[in-house]
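Q: I am new to this structure. Please take a close look at a single part of it and walk me through what is there.

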Amino acid sequence: METPDFLPIERLQSLIDTLIDDGFRCVAPQVRDGAILYETLDSVKQLPKGIAQEQSNGRYRLQDTDSPRNFAWANGPQAIKPLTFAPREELWYGELKSDGSLKFYQAPTETEPVAVLGVRACDLAALALQDQHFQSTFPDPYYAARRKRLLLIAVHCTHSAATCFCHSTGDGPEAQSGYDLSLYETDLGYFVTAGSLAGEMLLHRLPLEPGDAALFAAARSETRQAAESQQCQLPQGDLQTLLFGNLNHPQWEAVAERCLSCGNCTQVCPTCFCHSENEVPSISGQSTTHERQWDSCFSPGHSYIHGITLRKETASRYRQWLTHKFGSWHEQYGRSGCVGCGRCISWCPVGIDPTEELAIICKDGTGDSA
Amino acid sequence: MINPYLPLEAEVVERIQETPSIVTLRLRLTDPDARHRFYCAPGQFNMLYLYGVGEVPISIKSGPQSFLDQTLLLDHTIRAVGRVTRALVKLEPGAKLGVRGPYGRGWPLNQAQGKDVHIITGGLGCAPAVSVVHELMRQRSRYGRISVVQGVKHADDLIWRDQYEHWAKQPDTQVLLAADQANASWRWHTGMVTGLLDQLHLDTERSLAMLCGPEPMMRASAERLIELGLRPEQIWLSMERNMQCAIGHCGHCQFGAAFVCKDGPVFNYPAVRELLGTRGF
């Protein structure tokens with residue numbers, strides 16, 4: 001790979017300024033309530049400079065360091081999924097006219113351009129999966145409008161958390177595709193590459209200087225070290241066959257002893273797409289709003305059908321989540337639904353690690369239990 | 001971009017109380033253009049929307065012929081069982097509601113051409129099957145023998161008795177009815193619907209079976225048909241799951257890798273055979 005041009009660290013603000021001048025709302029990672037969240041920003045001073053991260057089963061802590069870097073951490077509980085698939089949004093609203101007739105109006109779509117600085121490889125892979133889900137057979141106009149307005153600036157990961165396993169899913173730590181611009185971070189600044197025409201045009205307007213080949217080689221080797229440092233991994237093999245061949249494995253009950261069925265794993269997962277549709281009538285009764293909201297396969301309502309809850313027990317809900325995420329996704333979208341971000345491990349209040357559960361359930365091949 | 005979530009306004013033209021808890025609503029889309037464009041295949045469903053309450057998936061009982069001849073009434077037979085359906089069945093003629101659809105894949109009418117078709121239903125599973133029987137009758141010469149087998153829990157639950165008696169009089173048509181609990185006027189089989197399958201005139205080489213009803217009933221019927229000589233590929237069944245979007249987005253209806261709303265609701269038996277008996281899917 002040819003040495004890309006270099007943006008010295010003191011000129012990073014010029015990237016943000018250019019984006020804002022172009023009419024983008026700039027969204028980037030910031031420290032909020034002890035976690036890294038992606039929020040609107042206009043100054044590099046808001047970035048999580050010197051922040052390091054400790055993540056493990058059921059644990060997420062930030063630490064201050066002297067590092068000049070802004071992206072020396074892995075991820076936060078949420079990144080870009082809410083920017084395309086909103087946690088709660090209006091689909092349409094209806095009016096009841098005085099003659100008893102009904103009128104339906106579609107909700108306006110969001111068109112404000114948004115540039116995201118600091119997108120991770122795992123989240124780009126997750127976005128590609130969400131694109132497939134929401135934009136294939138029946139394109140979703142709300143998702144599509146939000147997706148179209150996004151400009152994505154990736155920052156390749158150099159600091160894996162103990163919960164990260166993107167290397168074993170093949171999605172990181174170096175972003176492969178799906179970005180407009182990508183940055184390799186060093187102590188001195190950023191090597192900048194373009195991944196799209198929009199990124200190419202933006203790149204040419206930045207105050208870049210020729211990059212140093214040795215420094216770039218070191219920057220890239222940091223992403224490789226981040227890969228090698230990852231301790232978690234997905235079990236090898238055809239997980240769809242292995243999971244559906246072990247539907248009666250005793251481990252489903254064993255994990256259900258610990259699982260609270262709280263749904264945190266699905267809420268932080270960047271690929272989970274389940275949502276409920278809810279009716280919110282006005283108090284006057286003259287109008288009503290039809291909304292959708294993120295749902296979870298761990299909620300009792302998820303499997304409700306004409307008076308019956310199909311998945312009453314936590315074991316069956318956990319099995320639904322795991323057999324879908326690591327199993328039937330392959331058939332639905334040609335790959336696993338897991339991008340190895342590890343959020344479900346850190347944000348599980350009891351510290352369940354799905355990779356460990358998978359390893360136990362799949363270790364003896366397909367049982368004859370199915 | 002077409003908004004797949006937006007309902008169309010419809011009006012209740014007629015309300016038929018089938019049993020104390022089952023009502024058929026006959027609906028007409030109020031927009032003439034929408035009426036003109038609407039076309040559905042037997043086995044598909046609509047999302048019915050009750051103002052301020054919510055949406056439910058309900059199969060379309062009317063056959064495609066009614067749309068072609070422009071009578072354009074959408075018949076939906078609804079059992080009052082949940083929050084939305086309990087309110088929906090109270091709608092009176094003239095009331096307005098929302099409709100979006102049709103959705104899903106219907107019955108395999110192309111594969112059924114030239115074959116004997118056996119329609120085996122249980123309870124209100126007869127509703128999604130009525131449209132296909134109408135269609136078979138309308139194009140009668142394209143198909144071989146037709147059998148209609150319906151089972152109910154209690155004899156009082158049988159709806160459309162006149163319809164079954166009418167079909168029973170048609171040539172090359174066999175109608176078999178069963179009730180787990182008979183009453184004084186019940187003159188058909190007492191017991192499970194599977195107890196009737198031995199009576200089918202089953203030409204295993206040229207038959208196709210369509211099943212709709214509670215899953216244990218469909219599973220038992222399918223397995224019995226296989227014992228009687230049908231191959232699993234000759235059996236089709238209509239599935240139900242929680243559906244909120246009807247376009248494969250909301251995730252609730254997943255059954256293994258299938259989204260029941262768009263990959264089904266009608267499935268070939270081999271596609272669902274493994275999971276059908278597994279609790280929790």
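A: What follows looks at a pair of packed helices in one chain, then at the contact between the two chains. The model is predicted.

Start with the helix pair. Helix 7 of chain B covers residues 215-227, and helix 9 of chain B covers residues 269-276. The two pack at an angle of about 120°. Their axes lie 11 Å apart. The crossing of helix 7 of chain B past helix 9 of chain B is left-handed.

Now the residues that touch. Helix 7 of chain B brings Glu215(B), Arg219(B), Ala222(B), Glu223(B) and Ile226(B). Helix 9 of chain B brings Tyr269(B), Arg273(B) and Leu276(B). By class, four of the residues in this contact are nonpolar and four are charged. None is polar.

Next, the contact between the chains. Here 54 residues of chain A are in contact with 43 residues of chain B. The area buried between chain A and chain B is about 4000 Å². Carbon and sulfur atoms give 59% of that area. On the chain A side, Leu102(A), Phe104(A) and Phe138(A) lose the most area to chain B. Together they account for 16% of what that side buries.

Arg279(B) forms a salt bridge with Glu313(A). The closest N and O atoms of Arg279(B) and Glu313(A) are 3.0 Å apart.

Conventions. Residues numbered from 1 in each chain as written. Chains lettered and ligands numbered in written order. Predicted model: local features only at pLDDT ≥ 70, side-chain atom pairs only at ≥ 80, totals over all residues. Heavy atoms only, no water. Axes fitted to C-alpha atoms, helices over the stretch in contact; angles between N-to-C directions. Helix = DSSP H or I, 4+ residues; strand = E, 2+ residues; numbered from the N terminus. Left-handed = near helix turned anticlockwise from the far one by under 90°. Contact = heavy atoms within 4.5 Å. Nonpolar A, V, L, I, M, F, W, Y, C, P; charged D, E, K, R; others polar. Buried area = accessible area lost by both parts, 1.4 Å probe. Salt bridge = Lys/Arg side-chain N within 4 Å of Asp/Glu carboxyl O.
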